[in-house]
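Have the sequence and the 3D view open side by side.

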Amino acid sequence: MKAIAVMTKGSDPVYVEQYEQPLPKNDDEVRIHVKAVSIKNLDRAIASGKHYSAQTAEFIPRVIGTDGVGLLDDNTRVYGFGITGMLAEKALIKKSSLVMIPDGLSNELAAALPNALMGSVIALMLRAKLQKGQHVLINGATGITGKVAIQMAKHYGASKVSVTGRNEEVLSSLLDLGADTLVSLKQSEGDFIDQIKAIDSESPVDIVIDYLWGHSAKMILEALKGKGHYTHKTKFVNVGAMSGDLMELSSSILRGTDIQLLGSGLGSWNDEEVNTFFKALLPEAFNLAATGTLKMDTSVYPMTAIDEVWNPSVIWNSRLVLTVD
């Protein structure tokens, strides 16, 4: 079968004309005919061996792609998380976690949405346990997942969504997705902290969804810090580290703030949370996308174009989706 695979350690994935087809090993594994696969930072990190889930594994040639859309033998369209690499003509997924794709939702958008939803709705609904009427602050909302987080926070009843971002043109466009307050990361540290303090004073921040970590996260925590009096309870959920993996955190912030620090990612989700995502949250979001309520920008290419599009700087403002003929 045709596939996109990493053949030698540290090399970029390549198009392969002949690759061994995967065979189901038990009753919960089903083989699908793949139609569309999104390429994400996670896929690039796993392919390079830099992601923490791949660092301890002995290298063997492998097909890339963690999840995708395809057809079962009866032509039912489904989304699934791969047991084997997904960017191939055929792949294995678990029957217990496949999700039906509703009419009106394209293969390409169905392939693109789930990763952004994992990075948004799990953090919002399962880690932070968002309640209707709460105020959500999204740090790094100009990215693909941040844009989805804005829409889903409003869908689940957030009364206010404040957002930060560095690209001011994209930041301004977030108002159309439901953002209420914009905070530029290009302003001075003092002005940034003052603006976050003012926002929190007007409407206390209940949840922070953080895609950046690093200095911006430190500034937000500093802005939420109390001054010797009881502070509003805030859940700070880290999802990504686009601004760096390390942050200097003063212990006085923890002592002086009623804040709960959480993570959301592979390794922090238990089986019940994963099951809730596949059985309830993802199908709900698919239905929103099928009606045009949930939006996401995609860039679609055939899998044979892998050499042209693998570099993330080529396509940075939309989700890359590769189609399989």
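## Aromatic rings

Tyr 79, Phe 81, Phe 277, Phe 278 and Phe 286 come together as one aromatic cluster. Rings of Phe, Tyr and Trp (its six-membered ring) pair here if their centres lie within 6.5 Å, with planes under 30 degrees apart called stacked, over 60 edge-to-face and the rest tilted. This is a predicted model, so to speak of local features pLDDT has to be at least 70, side-chain atom pairs count only at pLDDT 80 or more, and totals for chains, interfaces and linings use all residues. Residues are numbered from 1 along each chain as its sequence is written, and side-chain values use heavy atoms, leaving out hydrogens and water.

The ring rule gives five aromatic pairs. In one of them, Trp 213 and Phe 236 have ring centres 6.2 Å apart and planes at 65°, so they're edge-to-face. That pair ties together distant parts of the chain, 23 residues apart: Trp 213 is in the loop between β12 (207-210) and α7 (214-224), while Phe 236 is in strand β13 (residues 234-238). (Helices, H or I with at least four residues, and strands, E with at least two, are DSSP runs numbered from the N terminus.) Trp 213 is buried at 19% relative accessibility, and Phe 236 is buried at 1%. Buried means under 20% relative accessible area, exposed over 50% and partly exposed in between, using a 1.4 Å probe and protein chains only.

Phe 277 is buried at 1%, and Phe 278 is buried at 9%.

## Salt bridges

How many salt bridges are there? The count comes to seven, taking a salt bridge as a side-chain nitrogen of Lys or Arg within 4 Å of a carboxyl oxygen of Asp or Glu. One of them joins Glu 273 and Arg 127, with the closest N and O atoms 3.7 Å apart. Glu 273 belongs to helix α9 (residues 271-290) and Arg 127 to helix α3 (residues 121-127), so this bridge links distant parts of the chain, 146 residues apart. Glu 273 is buried, at 10% relative accessibility.

Lys 160 and Glu 202 meet at 3.9 Å, N to O. They sit 42 residues apart, Lys 160 in strand β10 (residues 160-165) and Glu 202 in helix α6 (residues 189-202). Here Lys 160 is buried at 13%, whereas Glu 202 is exposed at 65%. Elsewhere, Lys 40, Asp 43 and Asp 67 are linked in a network of salt bridges.

## Two arginines

Which ring does the charged end of Arg 44 sit over? It's Trp 310, at 5.4 Å from the ring centre; the rule asks for NZ of Lys or CZ of Arg within 6 Å of the ring centre and within 35 degrees of the ring normal.

Arg 319, in strand β16 (residues 319-323), is buried yet has no salt bridge. The nearest side chain of opposite charge is Asp 43, 7.4 Å away (Lys and Arg count as positive, Asp and Glu as negative, and His and the chain ends aren't counted). The Arg 319 side chain does make a polar contact with the side chain of Asn 115, at 3.4 Å. A polar contact is a pair of N or O atoms within 3.5 Å; within protein, one must be able to donate a hydrogen and the other to accept it, and residues adjacent in sequence count only if both atoms are side-chain atoms.
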